[in-house]
Amino acid sequence: MSEIEGKKKSYRQRKIGEYRCQCCKQKQEFCWSCPCGFQICKECFEENKWGMSNGPTWICPDCERIRMM
Ligand SMILES: [Zn+2]
Ligand SMILES: [Zn+2]
């Protein structure tokens, strides 16, 4: 049962590098993404949270769609 801690394996996990953060330009395992193509990783999101997020939602800086977290 220690496998989960080490590799965070999950059958729902997507391929690594499927996302690319538009903020830091790095490939990421996970990004918040918008249908317009905007993607932002968790780290960059945290840095920009004050300007993008409002509780359970965040606003895409590209198209201003309101997105659920
Ligand atoms: Zn990033
Ligand atoms: Zn968007």
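Leaving aside its neighbours within four places in sequence, with which residues is C24 in contact? The answer is C41 and C44, where two residues are in contact if their C-beta atoms, placed from the backbone, lie within 7 Å.

1. Basis of the note. This is a predicted model, in which local features need pLDDT of at least 70 and side-chain atom pairs count only at pLDDT 80 or more, whereas totals for chains, interfaces and linings use all residues. Residues are numbered from 1 along each chain as its sequence is written, and chains are lettered from A and ligands numbered from 1 in the order in which they are written.

2. Overall layout. The protein chain holds 2 helices and 7 strands, these being DSSP runs numbered from the N terminus, with helices (H or I) of at least four residues and strands (E) of at least two. Read from the N terminus, the order of the elements is α-β-β-β-β-α-β-β-β. Of the 69 residues in the protein chain, 12% count as buried; a residue is buried if 20 or more other C-beta atoms lie within 10 Å of its own, exposed if 12 or fewer, and partly exposed in between, with C-beta atoms placed from the backbone. When contacts in the protein chain between residues at least 6 apart in sequence are considered, 18% join residues at least 24 apart.

3. The nonpolar core. Which residues make up the largest nonpolar core? This core has 7 residues in all, namely C21, C31, W32, I40, C41, C44 and W58, where a nonpolar core is a set of buried Ala, Val, Leu, Ile, Met, Phe, Trp, Tyr and Cys residues joined through C-beta atoms within 7 Å. Strands β3 (31–33) and β4 (39–41) each supply at least two residues of this core. One of the core members is C21, and C21 touches Q26, Q28, C31, Q39, I40, C41 and C44 when residues up to four places away in sequence are not counted.

4. The loop between β1 and β2. C23 is found in the loop between β1 (19–20) and β2 (27–28), and C24 lies in that loop between β1 and β2 as well. C23 counts as partly exposed because 16 other C-beta atoms lie within 10 Å, and C24 is likewise partly exposed because it has 13 C-beta neighbours inside 10 Å. Leaving aside neighbours within four places in sequence, C23 is in contact with I40, C41 and C44. The C-alpha atoms of C23 and C41, 18 residues apart in sequence, are 7.8 Å apart in space, while those of C24 and E43, 19 residues apart along the chain, are separated by 9.2 Å.

5. Backbone angles that deserve a look. K25, also found in the loop between β1 and β2, has a positive phi of about 65 degrees although it is not a glycine; K25 is exposed, since it has 8 other C-beta atoms within 10 Å. E64 lies in the loop between β6 and β7, and its phi is near 65 degrees, a positive value in a residue other than glycine. With 9 other C-beta atoms within 10 Å, E64 is exposed.

6. The sheet of β5, β6 and β7. An open sheet of 3 strands has the order β5-β6-β7, with antiparallel pairing, and two strands pair if DSSP finds at least two bridges between them. Its edge strands are β5 (53–54) and β7 (66–68), each of which pairs on one side only. Strand β6 (residues 57–59) is joined to β7 by 3 bridges, and the two run antiparallel. W58 stands opposite R67 in β7, and W58 is also a member of the largest nonpolar core.

7. C34. Is C34 buried or exposed? C34 counts as buried, because it has 20 C-beta neighbours inside 10 Å, and C34 lies in the loop between β3 and β4. Apart from residues up to four places away in sequence, C34 touches C60, D62, C63, R65 and R67. The C-alpha atoms of C34 and C60 are separated by 6.8 Å, with the two residues 26 apart along the chain.

8. K42. Helix α2 (residues 42–52) contains K42, which is partly exposed because it has 13 C-beta neighbours inside 10 Å. K42 and F30 are 12 residues apart in sequence, and their C-alpha atoms are 7.5 Å apart in space.
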